[in-house]
Amino acid sequence: MSGGARAHVTGIGAICAGAANVAELRRLLASPERRFRLPTAFPTKGPGAELPVAQVDGFDEADPSGLPRTHRIALAAAKEAVGQGALPDAIVVGTTTGGILTTENALEAGTADPRVYRFHGLDTVAQLLAESFSVTGPVVTVSTACSSAAVAISVAHALLRAGLARRVLAGGADSLSRLTFHGFRQLQLVSPDGCRPLDANRAGMTVGEGAGFLVLESAPEADRRVLADLRGTGLSCDAYHATSPHPEGAGAVLAMERALADAGIEPSRVSYVNLHGTGTPDNDAAEARALKQVFGQELPALSSIKGLTGHTLAAAGGLEAVVSVIALEEGLLPANTGLESIDPKLEVSPVVEPTHAAVEVVVSNSFGFGGNNASIILSKPTAVAKVSPSPLPALRVASTACLTGRGALDETLVALAAGESAGGLVPDAAFAKAAPAAFIRRLKRLPRLMLALANTAHAGSGATAAPDFLAVGTAWGPLAETQEFLRKLFESGDQFSSPTDFIGSVNNAPAGQVALLLGAHSPNLTFSSGDRSFEHAVLSASLGIAAGARDALVLAAEAYEPKLSPLLDPEAALSPCDGGAGFVLMPDDDTKGARIRWLAEVGGDGALPSILSILAKDDGARFDAVSVGIPAPFAEESSAILDRVAEAFPGCPVLSYRELLGHHASVSATATAVAAQGVLTGTLPLANTPLPRRRVLLLQAGSHATALEVFA
Amino acid sequence: MTEAKDALTAELARKLVETLGLDMAPESVDPAAPLIGAGLGIDSIDTLELVVMIERDYGVKIDNRAAGVEAFASLDALANYIRQRRKTA
């Protein structure tokens, strides 16, 4: 096995039930003590809701600045990870809860002031960290349910390998919330007496909260202590069921095998496997079978720490990456806390008490809803190797789909040609045939939009196989599902809600449905980075294809929800609008067609002038037109922004696309679809702008500035 | 196919179709046929949805696999399961 470049862990930070920092986590692992109790983060009502959780101490008092619980937990752990070291130049955060706990309380109280909801968006967690550490590079949010943080670490590794960052803060954070507590309860997945992974009498998980972050560096300074190395990561999707794991653990096998291949490490060299091990009957059975398939009958030492920390959901992969680093540093095999009698059917022998041993290589598993699997591999530090970054490749556009207020791509182009706006809500007829009726029976608007885009793009590419890489962007996720779940919950006094809506409420649920429909077992990433969600899906697909993926399906969409969208999203408060676009992207070759290349992301003060000077330096005169997206919070500055862009590209037409394509967070995907048509015909369908050299710059001027180019 | 024997079975058929968004008339649900699996296309998520509906509307819990097997054997079986455990007749 050969394996790609490693990254070096130079900082760790963690918070979970029973540990406010890494020092306390070390003590907790050395003498494990379960601290499950009824939640105080929110009130529970009724006998059915008396279930223990794994709650972090010290965050029950409301924050004076209105920061939600997830943000505060994330910031504390991130500060510990960065410590006194050099500041990161990029951030990748995995989260599913974001500001939901704050939103739940405000919705129940009927609060109509949008300012109360300003931290709802998942992107605001990473943005808070970016501000704290003055990060000017990519600030990325991954939301793939309970694998989020592990997937975030995988994305960070790819950024370092490509030379797009040198020092990345990566991990995840989630807080307790009524949505997750009652959601898992309604799924009958919560153990009444605390989770007991691998136990014969295991009866489910314990919902927890926390955060775990690593600082990962490609080439740390000589005086920086390296704690461990990140050797490789593997991602996969079961494409089997919305929540239940594949019974044989087929997706888990793929994730572990891909991670081992990525790291260039033989299974026999693995000293310890940190299990996903949630304590649900199905997860533990599937994971045990998967282990035997990957490692044979001679399994490495293994344990799940969730009987100690609870299941910290999106944070789990980050927290357990920190635990893996501690295992390597201290030569400590963590115990499978909570185990009373091993389930003989599993045929595994977990570490029953903290044990000192030689730990050289650790595999850490994180699996989530949507059949979303991630495995990461850490080892003891090795020599710092020189990284030779290669620029991101241009990708050939094999097919394009889009959905706007006018319908699909053709209807959109007709409207634009007539100088009319294509904004508004996507008409039902445009996505009614997203998939067979039985398949979409339970699905609401966002997964249906996403399936329609996926189907059209996939069919249009002529591909006969399932996509080899799937990257999805959605800033707001399935809001209708969240709204319905909370409405039913509140109306029943926190007793009842819909399991279907809970399953559907995770931001990666649409991507999971797309994988199911197309049978895609590939890496399956969902980015919820605000207005940059589509750009991050393109970035991720570029990294995936650079690493050898045969093709990539890239989708980005938003679905307007009449109650929540105007409260949460300043863009949606302007007028109801949704839609998005989808592409099948291939490695560049001699085939004719449009190309997309991810160019840059710059954040912080002066993001726009910085990106403009970077772009202008790199043969800025090559563009025929600049298509600019200005998110609603920056609308007041729009004429200044457009002037500034025009100055940087003298003589080049500068077009603001949101007026023509609509106001929603994924409209940059639509703008890219339109540009991909324009470079083929020689006319950009925005104000019929001629493209003699067939090259368009797509710029987004929000809190971060991003740039893509589309050319033929 | 047997006729719905009583009001509860008919009511459950209506709620089944409504709760799960099934594309069929409540009268066409065979009260003797297995609820879960190929016939109606009802899967584990639908089953949980029905569990919540039954607890909410009838105050009857179905909280383990054995109970689920008994309750969801058919629409008639579900009606019997509820009748035997219902607090208020």
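Chain B meets chain A through 17 residues of its own and 16 of chain A, where contact means heavy atoms within 4.5 Å. The model is predicted: local features need pLDDT of at least 70, side-chain atom pairs count only at pLDDT 80 or more, and totals for chains, interfaces and linings use all residues. Residues are numbered from 1 along each chain as its sequence is written, chains are lettered from A and ligands numbered from 1 in the order in which they are written, and side-chain values use heavy atoms, leaving out hydrogens and water.

Four salt bridges cross this interface, a salt bridge being a side-chain nitrogen of Lys or Arg within 4 Å of a carboxyl oxygen of Asp or Glu. One of them joins Asp46(B) to Arg442(A), at 2.7 Å from N to O. Helix α2 (residues 44–58) of chain B gives the most to the side of chain B that touches chain A, with nine residues; helices here are DSSP runs of H or I with at least four residues, and strands are runs of E with at least two.

Over all chains, the structure holds 50 salt bridges. In one of these, Arg178(A) pairs with Glu108(A), the closest N and O atoms lying 3.0 Å apart. Arg178(A) belongs to helix α6 (residues 178–186) of chain A and Glu108(A) to helix α3 (residues 100–108) of chain A, so the pair ties together parts 70 residues apart in sequence. Arg178(A) is buried, at 1% relative accessibility, while Glu108(A) is partly exposed, at 37%; buried means under 20% relative accessible area, exposed over 50%, and partly exposed in between (1.4 Å probe, protein chains only).
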